[in-house]
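Thank you all for making the time this morning.

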Amino acid sequence: MDSDISEELAKRQKEISIAEFFEKNKQILGFDSLQKSLVMAVKEAVDNSLDACEEAKILPEINIYLERIDRDEYRLMVEDNGPGIVRREVPKVFGQFLYGSRFHAVRQSRGQQGIGISAVVLYGQITTGKPAHIESKIISEDIGYMFDLYIDTAKNKPVILKEEPFLTDKKSGVKITVNLKGKYTKGKQSIMDYLQNTAIVNPHATITFQDSDGFKIKYERVWNDPISPPKETKPHPYGVEIGEIMKIAQKTSYKKISTFLTGEFSRISSQMANEILKISGIDPEREPSKLTLEEVKKLKEAFLKVKLLPPSYESLSPIGETLIKKGLKNVLGDLKPSFYSIPVTRKPSVYSGNPFTVEVGLVYGGNIPSDEPVKILRFANRVPLLYQAGSCALTKAVENIDWRKYGLEQKGGSGIPTGPMIVMIHLASTKVPYTSEAKEAIAEIPEIMQEVDLALKESARQIRTYLIKKEVKNKLSEKFFLVQKILPLIAEKSAKITNNPVPDISPVITKIMNILWIDERVEVTENRAKINVSVINYTSDKKSFKLYADYTDGAVLPESIKPFGEYDQKNDYIVWVIENLDPLKRLDLYFELEKIKSDYSETTYYIEGIDPVHVVGAEPLPGDWNIESLKSIIEEVEGDEDGNEEE
Amino acid sequence: METKRSEEVLNELKKIVEKIYDQMKKGEIPYMELPARNKYNIKLDVTKGVWKYGDDKIYRSAKKIEGAYTLLRTMFMLDFIKEMIEQNKSSTLRELYYISESWGIAKFHTQDESDKLAEDIEILTKYLREDFKLRPEENGATIIGNITIEEINRKGKPQRINCRDDVGDSGYPVPYNVEKEKINIIDYDADFVLAIETGGMFDRLVENGYDEKARAVLVHLKGQPARSTRRLLKRFNEELGLPVLVFTDGDPWSFRIYASIAYGAIKTAHISEYLATPTAEFIGVTASDILNYDLPTDKLNDKDIKALYAELNDPRFKTPFWKNEIELMLKIGKKAEQQALAKYGLNYVTDVYLPEKISEMGLK
């Protein structure tokens with residue numbers, strides 16, 4: 001190629017600023033349809049607010065208003081109670097691309113590239129010609145400042161039209177108002193959808209939204225401690241890219257490459273730095289800012305040749321079991337799910353030098369539609385992913401599992417299963433590997449796929465156990481109906497037809513049931529629980545055994561244990577010694593717990609001295625209650641397979 | 001007014017109930033034993049040439065909820081039958097199904113359930129459901145041909161009907177009871193009986209005067225033939241020595257119509273020797289006909305294909321003829337209606353197809 005022409009091209013390319021580039025390629029950042037642009041604008045603003053609150057340890061309160069100005073023009077206002085932004089920074093944060101305080105810091109955050117909110121300002125400006133209005137108040141100043149600004153796209157610089165102080169009662173916070181073209185919708189992939197999912201993973205936030213039809217929705221916080229932001233760490237050599245090394249080298253204050261390596265990267269000791277420099281053949285005395293591209297490439301190669309400790313996990317902040325459960329209950333509670341899995345938070349792991357962790361929560365049953373594909377809620381660093389579900393690693397991990405093994409319907413054992421279930425998957429990482437700049441789908445990195453798979457399976461096993469227990473219960477209630485309603489009628493009818501007295505069917509009943517039935521009934525008043533345990537011998541023999549009540553919550557009132565039984569203070573359980581319980585005899589046992597927390601969690605009953613296969617409602621001692629024993633109960637309940645018993 | 005037969009029936013019914021009662025009295029889980037009513041448990045009775053249930057048994061036990069329900073329903077149904085016999089009443093199978101509405105948890109959810117249980121009781125007692133005062137409301141077949149029968153009419157008087165001269169275009173309707181007490185065959189002048197599946201083809205043959213031209217008794221089966229239709233075909237065959245030829249569509253379901261006439265249906269294998277005509281022959285439409293006569297066709301759907309494969313496993317179809325035809329149909333993947341013969345004109349079926357097929361069989 002003619003060198004003059006290529007020089008010229010390179011020069012011109014430099015002049016195209018990122019802002020200009022965006023103007024021509026809106027879809028790259030996700031502004032590719034009118035519908036989506038509104039959602040993206042809300043998302044960028046809310047993500048920023050949540051990040052800022054986290055950093056300042058403030059419980060977020062975010063209000064969103066959407067107003068319709070014209071046919072397809074809307075005014076969006078997002079207001080938070082975050083720390084606010086100091087006056088001189090406001091124009092840069094909102095009016096300049098790639099302006100962000102933490103561009104080189106490595107830690108998990110919602111907005112990872114600092115490109116988001118200025119993109120919203122720019123999108124508004126190019127679709128409506130109107131500037132953005134920003135109000136900011138920081139706690140250390142008495143007044144706030146408001147700005148009208150737009151972006152000079154050629155120079156990637158903010159242009160301030162108006163800058164004025166204003167009085168406010170608010171302690172601190174930011175409010176952004178933009179006019180933009182869009183199309184407001186509800187349902188899938190809408191603002192509402194995004195906010196609902198955001199509320200699930202941010203149970204510490206209160207979020208309100210009023211849409212252009214006047215419809216209001218509010219997600220109230222259910223967790224009253226601010227989330228602490230994850231720690232910042234230096235980049236790990238395995239995960240850092242050549243361009244990043246170059247940038248860090250330009251900005252560093254270290255004068256020598258050896259100290260630059262130990263000071264700017266994590267897990268590099270001075271001994272390790274020497275080894276790296278030896279492998280790459282770079283003089284340890286060299287000044288980092290003078291490194292050539294060639295040298296940086298060699299440095300990167302050397303990074304991968306040395307054995308380093310994996311990156312620190314302190315830079316990750318998983319949501320955690322408690323908050324996932326609270327979030328799911330808060331937002332999905334209306335569906336009255338019959339089962340919430342204990343959320344799974346996997347131990348942190350690493351892909352190409354980047355730490356990550358995977359979390360999964362499942363809800364099942366209730367009013368969740370059972371004939372539709374399972375709903376998958378995807379999150380990356382606490383941000384809902386609404387688009388490109390099909391090409392996302394999190395979706396694929398769900399599709400790769402044979403859910404039939406866990407009691408769901410799935411055609412051919414792969415693909416999205418069908419059933420009354422919602423799956424929440426969260427990937428937290430210092431660097432989420434998105435498939436594109438729009439940050440909509442996660443790339444299929446083998447290490448991540450494996451962790452998601454394990455987390456899903458761990459959760460799925462809970463579903464299976466739940467379903468098996470439910471099946472046992474159903475089968476049992478069927479059996480009770482059989483022996484209590486159908487069998488007496490058969491006896492009565494046959495006696496009538498044959499002109500005989502009605503036979504005693506007790507022996508038949510015990511033969512059909514053949515279980516010892518233990519059932520708990522609980523009456524909770526304030527912080528007290530009255531518990532009635534009934535034990536019925538549905539077998540044909542007298543039974544002797546020991547029954548233990550191992551309560552997890554509150555304290556037992558020893559005098560409430562009736563009509564007999566003992567409180568074992570040392571082991572903190574109640575034990576009943578039952579002797580010669582006759583067939584079809586029922587025994588009622590009572591006790592009371594005080595000082596229980598809001599929701600009584602079931603007491604576990606253990607039984608000793610009897611074949612556990614014939615017991616329903618208590619686990620064999622010492623608590624080895626697993627799926628296998630549940631399965632044997634199902635077989636027992638279903639009856640022996642004669643092979644030719646009619647189906 | 002209990003006749004001797006009624007008394008015997010009552011006794012048999014009572015025996016079933018006594019068994020259940022005794023089991024419970026002994027503290028056993030009550031159960032009933034029945035032949036397995038599926039295609040794997042039908043055996044050829046060589047002396048009679050019909051297919052009957054084999055020795056495989058099923059146990060309907062009250063240990064499982066479905067079994068318990070069926071036992072309970074059996075008690076209710078037997079009680080109801082006993083009442084009808086004692087009061088000299090009868091009901092249709094449909095009425096029985098509705099009667100069960102008042103049985104509480106024992107009520108039937110579909111008429112299939114009650115029909116099947118009535119058949120179970122036939123099997124257990126070796127009596128027919130007519131003995132239990134249960135009759136089908138099903139529409140029997142119609143007949144056109146030179147055959148004279150004498151039917152005891154509603155007023156209890158014998159009435160002679162010639163099925164060619166004394167009937168309209170739709171022919172003589174076969175009542176649900178075709179036993180000698182109801183119908184006697186007086187006279188006939190025909191060479192064979194032609195049993196036809198569809199109304200369209202029946203009407204075509206009637207319009208073309210085929211009954212007179214070919215000296216045939218035409219019987220419209222109306223799809224899967226009712227018990228009375230099959231019984232009457234058997235009587236024509238046995239009492240008059242008339243060959244029975246079956247003419248249906250060319251698809252797996254029509255093959256089953258033929259099988260139920262010739263070999264006995266799986267559902268009623270307990271009364272096969274009473275219903276089946278082992279010498280009945282299949283005229284068509286065969287898969288070979290589809291090729292030989294180049295008939296307009298439809299593609300086999302998934303259900304058709306499944307049915308054909310099921311027939312390959314059905315002992316009744318284990319003859320070289322059927323094996324060839326079923327495999328050929330699967331190979332060409334096509335089926336044809338009998339009326340597809342109209343491709344060659346309205347007279348083709350009576351002028352060409354039937355005469356050709358019948359002479360192929362060596363009948364004429």
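By contact I mean heavy atoms within 4.5 Å. Please keep in mind that this is a predicted model. On that basis, 31 residues of chain B are in contact with 33 residues of chain A, and the area buried between chain B and chain A comes to about 3,000 Å², with carbon and sulfur atoms giving 68% of that area.

Between chain B and chain A, five residue pairs are in polar contact, with both residues at pLDDT 80 or more.

Which elements of chain B give two or more residues to the side that touches chain A? They are helix H1 (4-25), strand E4 (57-61) and helix H2 (65-87) of chain B, and the largest share, ten residues, comes from H2(B). By residue class, that side of chain B divides into 17 nonpolar, two polar and twelve charged residues.

Let me now move to the sheet in chain A, where five strands form an open sheet with mixed pairing, in the order E19-E22-E17-E16-E24. Its edge strands, each pairing on one side only, are E19 (555-556) and E24 (615-616) of chain A. Within the sheet, E16 (residues 515-525) and E17 (residues 528-538) of chain A pair in the antiparallel sense over eleven bridges, and Thr525(A) has Arg528(A) in E17(A) as its bridge partner. Finally, helix H13 (residues 446-498) of chain A packs on this sheet, touching E16, E17 and E24 of chain A, and the direction of H13 makes about 110° with that of E16(A).

Note on methods: Residues numbered from 1 in each chain as written. Chains lettered and ligands numbered in written order. Predicted model: local features only at pLDDT ≥ 70, side-chain atom pairs only at ≥ 80, totals over all residues. Heavy atoms only, no water. Buried area = accessible area lost by both parts, 1.4 Å probe. Polar contact = N/O pair within 3.5 Å; in protein donor to acceptor, adjacent residues only side chain to side chain. Helix = DSSP H or I, 4+ residues; strand = E, 2+ residues; numbered from the N terminus. Nonpolar A, V, L, I, M, F, W, Y, C, P; charged D, E, K, R; others polar. Pairing = 2+ DSSP bridges. Axes fitted to C-alpha atoms, helices over the stretch in contact; angles between N-to-C directions.
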